[in-house]
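Good morning, and thank you for making time for this one.

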Amino acid sequence: MKKTFQNLIHNKKTKFFLIAGAIIGIFFYCCSVIIGQVADISRLNAQKAEYAQQIEVQKRENEELDAILQSDDKDEYMEQKAREKGYVKSNEIVFYDISGSN
């Protein structure tokens, strides 16, 4: 008796192994997808924590700036920030040290 593919499929053991192999393959595929999703969730949670920390820092900075704007010395603060950026008053004489020595 010549064994063909159809005869092989009709064999109960062969059917069992084909079905078991398919189930095992699907199981490992699902496991790999789940592991990938867990890794993505972990990465995104870390990113979320970092963003939350950045938001808190920005909120504190905004509160400090708001307090300065509400205070009486806001003109002094704005002048200080302008000077830090290199701005000068129109009637000021600016001297540049070009000697290069510290």
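Predicted model: local features only at pLDDT ≥ 70, side-chain atom pairs only at ≥ 80, totals over all residues.

Let me begin with the words for accessibility: a residue is called buried under 20% relative accessible area, exposed over 50%, and partly exposed in between, with a 1.4 Å probe and only the protein chains taken into account. By that scale Lys81, at 33% relative accessibility, counts as partly exposed. Residues are numbered from 1 along each chain as its sequence is written, and side-chain values use heavy atoms, with hydrogens and water left out.

As for the overall layout, the protein chain has 3 helices and 0 strands, and its elements run α-α-α from the N terminus on; helices here are DSSP runs of H or I with at least four residues, strands are runs of E with at least two, and the numbering starts at the N terminus. Of the 102 residues in the protein chain, 1% count as buried. The accessible surface of the protein chain comes to about 10,000 Å², and 60% of that belongs to carbon and sulfur atoms, the areas being taken from the Shrake-Rupley method with a 1.4 Å probe and, for residues, with only the protein chains shown counting as cover.

Now to the charged contacts. A search of the whole structure finds 5 salt bridges, a salt bridge being a side-chain nitrogen of Lys or Arg within 4 Å of a carboxyl oxygen of Asp or Glu. One of them joins the side chains of Asp40 and Arg43, at 3.9 Å from N to O, and both residues lie in helix α2 (residues 12-70), 3 residues apart, about one turn of the helix. Asp40 is partly exposed, with a relative accessible area of 33%, and Arg43 is likewise partly exposed, at 48%.

Why are Glu84 and Lys81 separated by about one helical turn? Because they are 3 residues apart in helix α3. Glu84 itself is exposed, with a relative accessible area of 53%.

The side chains of Arg83 and Glu79 also meet in a salt bridge, at 3.3 Å from N to O, and since these two are 4 residues apart in helix α3, they too are separated by about one helical turn. Arg83 counts as partly exposed at 36% relative accessibility, and Glu79 is partly exposed at 33%. Which residues are linked with Arg83 in a network of salt bridges? Glu79, Lys89 and Glu92 are, together with Arg83.

Glu56, Glu61, Glu63, Glu64 and Asp66 gather in a patch of negative charge on the surface. Among them, Glu64 is found in helix α2 and is exposed, with a relative accessible area of 53%. A nonpolar patch is formed on the surface by Val88, Val94, Tyr96 and Ile98, which together have about 490 Å² of accessible area. Ile98 is found in the segment after α3 (74-84), and at 80% relative accessibility it counts as exposed.

Finally, the aromatic rings. How many aromatic pairs does a search of the whole structure find? The search finds 2, where rings of Phe, Tyr and Trp (its six-membered ring) pair if their centres lie within 6.5 Å, and planes under 30 degrees apart count as stacked, over 60 as edge-to-face and the rest as tilted. Phe16 and Phe17 have ring centres 5.5 Å apart and planes at 65 degrees, so this pair is edge-to-face. Phe27 and Phe28 have ring centres 5.5 Å apart and planes at 70 degrees, so that pair is edge-to-face as well. Phe16 is exposed at 54% relative accessibility, and Phe17 is exposed at 56%. Phe27, at 49%, counts as partly exposed, whereas Phe28 is exposed, with a relative accessible area of 54%.

Conventions: Patch = residues over 30% accessible without salt bridge, like charges linked within 9 Å, V, L, I, M, F, W, Y side chains within 5 Å. Lys, Arg positive; Asp, Glu negative; His and termini not counted. Charge placed at Lys NZ, Arg CZ, Asp CG, Glu CD.
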